[in-house]
Amino acid sequence: MKKDKIYSAIFVILIFTICLVGAILIPADMCPDELGRRQLTDWIVRTGKLPTGNEEGTVLIGWGFSYAVRPYLTSIIGAFFVKIVSLFTTSDVALWVAARMCSILSVTVCGIYCIKIGKICFKKLSSSLLMATLVCFIPQVLFLGMYINNDSLSLCAISMMVYYLAKGQQDKWTIKTCIGLGVSFSIGLLSYYNIYGWLLMGGILFLISMIKNKDIENKKSYVIKRLTIVAGICIVLSGWFFVRNGIHHNGDFIGISVEKIMRAKYSALGFKLYPYRSLKGQGYPMNLFDSAYGPWWRFTIHSFIGGFGYMTIWLPTFMYNIYECTYALGILLFFYQAIRKRIDKEKIALSVMMLISSIINFGLFFWQSYFRDNQPQGRYIIGISVLLAFIITCAIDQIDLNKLKIKNTKFKKLANIIKPAYILMALWIVLFIISTGTMKKMLG
């Protein structure tokens with residue numbers, strides 16, 4: 001047990017250090033949307049207030065709307081760290097790192113919860129670390145941990161939610177687990193709309209797992225009490241934002257309509273706004289193969305794995321091929337193990353929940369790209385990495401080389417030493433190390 005904690009701590013410290021170093025080194029003009037989100041952070045620090053989106057100082061130049069009309073917990077947390085750091089220094093580098101601290105911590109916490117998911121679902125240290133490695137050592141995930149964005153926070157919320165769902169299935173939804181689930185839902189609600197499908201399906205699995213658990217007595221009161229706890233936490237921790245939005249924007253509590261109104265307003269005042277470029281009208285399904293940026297599907301998959309700067313810096317092609325082949329083989333192996341009934345019902349239930357969540361996530365992302373902004377950016381579906389990591393780990397966890405009938409003594413000893421999980425972990429880490437050579441291009 002002590003060894004498990006030491007290895008887990010080393011892993012978490014490594015993730016934090018990588019993200020921190022990146023946050024120190026990468027310039028602000030190499031990160032998508034960061035300048036706009038930093039603008040919101042600085043406004044909060046300067047005024048000591050939370051913006052509504054109506055303030056001129058929060059409106060994005062060129063886009064004609066404010067990030068403040070949509071959830072901005074990332075900027076609030078960033079403002080807290082900037083305020084603290086500014087008491088000791090005015091260094092631009094220090095303040096930028098402070099503003100990026102939410103993303104640094106989000107990916108770090110994601111790593112912690114991925115290890116916890118592994119420990120509760122697989123029991124093996126190798127499988128726990130594999131689960132975390134497959135998520136956190138994707139080059140794009142670590143890049144998200146180096147600059148201001150909402151995607152890293154949404155990934156953190158998803159990993160937390162999956163852990164508490166797995167734990168709840170095992171401990172019959174103790175009060176502590178319900179509180180954790182409510183907190184994860186609240187963080188998700190204040191991160192990105194694209195992951196709301198995850199929250200919906202997480203809530204459904206939460207309810208179904210209680211209803212179907214035969215060991216729970218007085219089920220009606222038991223379920224109502226726990227639903228009340230989770231819902232109450234969400235209302236307290238995240239409900240304030242949507243109520244506030246509705247008050248300030250004529251009932252538009254999610255800030256979709258007000259964005260259009262703001263763009264129309266600034267356009268009428270003579271401001272030249274960037275035009276949205278959608279896939280609509282390009283002839284579906286051809287839009288998937290020939291968008292304004294090139295093949296939409298290819299850019300989406302590649303930027304999910306690693307696309308840096310403003311999607312102008314790419315990994316070598318062979319690396320994308322390795323990642324794609326590994327994912328494909330892992331998925332096939334999972335289905336093989338599931339068909340052979342080697343994966344228990346709880347893991348299957350979690351996998352189905354995450355699969356449906358991922359489909360909804362992808363659907364919302366595609367709808368946004370098709371009708372609005374034509375941005376095939378894999379970071380908008382980065383939560384799918386948790387699903388992929390989970391099912392691959394499920395599959396690898398069932399492989400035991402010791403069960404192979406090996407007559408050769410040397411090969412038999414080798415089978416006792418080799419762990420497929422560690423081999424895949426090594427591959428993922430080596431690929432990330434190679435990717436740092438590409439990331440250096442962001443440094444100028």
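This is a predicted model: local features need pLDDT of at least 70, side-chain atom pairs count only at pLDDT 80 or more; totals for chains, interfaces and linings use all residues.

Residues are numbered from 1 along each chain, and side-chain values use heavy atoms, without hydrogens and water.

**Largest pocket.** I looked for pockets on a 1 Å grid over the protein atoms alone: open sets with protein on both sides within 12 Å along at least five of seven lines, lined by residues with an atom within 4 Å of a point; a cavity is a set where a 1.4 Å probe fits but cannot get out. Volume is the space filled by probe spheres set on the points, which are joined across faces, edges and corners. The largest pocket holds about 1,600 Å³. It has 45 lining residues, with Gln 368, Arg 372, Asp 373, Gln 375 and Tyr 380 closest to the centre. Which element gives the largest share of that lining? I found helix 15, with 7 residues.

**Second largest pocket.** I get about 620 Å³ here. Ile 331, Ser 358, Ile 384, Leu 387 and Leu 388 are the closest to its centre, out of 22 lining residues. I count 18 nonpolar (Ala, Val, Leu, Ile, Met, Phe, Trp, Tyr, Cys, Pro), 1 charged (Asp, Glu, Lys, Arg) and 3 polar (the others, Gly among them).

**Cavities.** My search turned up 3 of 30 Å³ or more. The largest cavity is about 60 Å³, and its lining includes Phe 143, Tyr 147 and Arg 379.

Terms used: Helices (H or I, at least four residues) and strands (E, at least two) are DSSP runs, numbered from the N terminus.
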